[in-house]
Amino acid sequence: MNMLPLAEAPQELLAGCRAVLTDIDDTLTLHGRLPAEAFDALWKLRRAGLKVVPITGRPAGWCDMIARQWPVDGVVGENGAFYFRYDDAAKKMIRVYAQSAEERRANSERLWAIARRILAEFPGTAIASDQAYREIDVAIDFCEDVPPLPLAAAQEIAAAFHRDGAVAKVSSIHVNAWFGNHDKLTMSRRFLAECLGLDVTRDNEQIAYCGDSPNDAPMYAAFRLGIGVANVRPYVKLMAHLPRYVTAGEGGHGFAEFAGAVLAARRTGL
């Protein structure tokens with residue numbers, strides 16, 4: 001499937017959007033920063049009545065803060081290991097995990113044994129700087145706080161995890177690895193159903209997903225309104241499923257472009 005410019009997305013599809021799911025790194029951010037226009041776009045979507053949910057590989061500690069302080073309805077973190085939703089009325093954080101605490105502890109021991117070996121096998125990699133705030137997965141940094149390694153190296157790291165039975169996904173900055181059947185899509189389905197009353201099959205055309213890298217491919221397979229920000233292009237040969245539409249802008253600028261298109265279509269359709 002070829003990616004089409006966002007400008008060619010049907011206005012009725014954009015106008016019918018009720019929920020926006022979005023990756024964070026290099027989708028909301030750009031060069032490691034969150035542009036003002038991207039954060040403003042989150043607020044504009046919420047004020048217009050849309051549900052907004054980051055779907056990220058970032059750690060539990062970050063997700064707790066995002067769920068509390070950002071204009072979002074919840075957050076799926078560590079590539080689908082959990083969702084956090086802050087109940088403003090009750091002043092309570094609701095945390096739902098894909099695995100029991102016992103499973104998480106047992107899997108962590110196995111995972112770290114593999115990760116330590118991989119660090120020795122792939123010079124130039126490091127444990128991600130946000131690892132201290134993770135609960136489930138291990139993140140190997142190949143691009144964020146270390147001199148960038150080629151994507152081929154990241155794929156080899158993922159393959160090394162796979163050989164030991166772990167799941168591994170390549171993002172734009174990390175290789176995230178874990179044991180378990182969860183991923184971004186499985187926990188997104190659960191969050192949408194349990195928290196927003198939306199069904200991925202029944203309500204598919206009312207849900208958008210914005211992303212930028214190979215670990216977003218399952219989400220693009222699931223949602224008709226799949227949006228790639230412009231910096232998705234270097235990864236297209238690595239992705240089994242591509243976004244249907246792509247923005248002109250990169251990172252957070254591209255996300256703001258998409259949000260603006262949705263809000264403009266809704267105004268026109270009213």
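This note goes through a few parts of the predicted model above, point by point.

1. Before reading on, keep in mind that the model is predicted, with local features requiring pLDDT of at least 70 and side-chain atom pairs counting only at pLDDT 80 or more, while totals for chains, interfaces and linings use all residues. Residues are numbered from 1 along each chain as its sequence is written, and side-chain values use heavy atoms, with hydrogens and water left out.

2. Three strands make up an open sheet in the order E4-E5-E6, with antiparallel pairing (two strands pair if DSSP finds at least two bridges between them; helices, H or I with at least four residues, and strands, E with at least two, are DSSP runs numbered from the N terminus). Strand E4 (75-77) and strand E6 (92-97) are the edge strands, since each pairs on one side only, and the twist from one strand to the next averages 25 degrees. Strand E5 (residues 82-87) is joined to E6 in the antiparallel sense over six bridges, and within this pairing Asp-87 has Lys-92 of E6 as its bridge partner.

3. Helix H6 (residues 184-196) packs on this sheet and touches E4, E5 and E6, where contact means heavy atoms within 4.5 Å. The direction of H6 makes about 30 degrees with that of E5 (axes are lines fitted to C-alpha atoms, for helices over the stretch in contact, and angles run from 0 to 180 degrees between N-to-C directions).

4. Strand E2 (residues 19-22) has Ala-19 and Leu-21 pointing one way and Val-20 and Thr-22 the other way, and all are buried (buried is under 20% relative accessible area, exposed over 50%, and partly exposed in between, with a 1.4 Å probe and protein chains only). E2 pairs in the parallel sense with strand E3 (residues 51-54) over four bridges, and Thr-22 stands opposite Pro-54 in E3. Between E2 and E3 the chain crosses through helix H2 (residues 36-47), and this β-α-β crossover is right-handed, meaning that, with the strands pointing away from the viewer, the path from the first strand over the helix to the second runs clockwise. E2 also runs parallel to strand E11 (residues 207-211), joined to E11 by four bridges, with Leu-21 opposite Tyr-209.

5. Which residues have the most contacts inside the largest nonpolar core? They are Leu-45, Phe-82, Phe-84, Leu-225, Phe-255 and Phe-258, in a core of 40 residues (a nonpolar core is a set of buried Ala, Val, Leu, Ile, Met, Phe, Trp, Tyr and Cys residues joined through side-chain atoms within 4.5 Å). Among the elements that each supply at least two residues of this core are H2, E5, E11 and helix H8 (251-269), and the largest share, seven residues, comes from H8. A second, separate core of 27 residues includes Val-53, Val-96, Met-219 and Tyr-235.

6. Cys-63 lies in helix H3 and counts as buried because its relative accessible area is 0%. Leaving aside neighbours within four places in sequence, Cys-63 is in contact with residues including Val-75, Phe-82 and Phe-84. Cys-63 and Phe-82 are 19 residues apart in sequence, and their C-alpha atoms are 9.7 Å apart in space.

7. Asn-107, in helix H4 (residues 101-121), is also worth checking. Asn-107 counts as buried because its relative accessibility is 14%. The side chain of Asn-107 makes a polar contact with the side chain of Gln-99 at 3.3 Å (a polar contact is a pair of N or O atoms within 3.5 Å; within protein, one must be able to donate a hydrogen and the other to accept it, and residues adjacent in sequence count only if both atoms are side-chain atoms).
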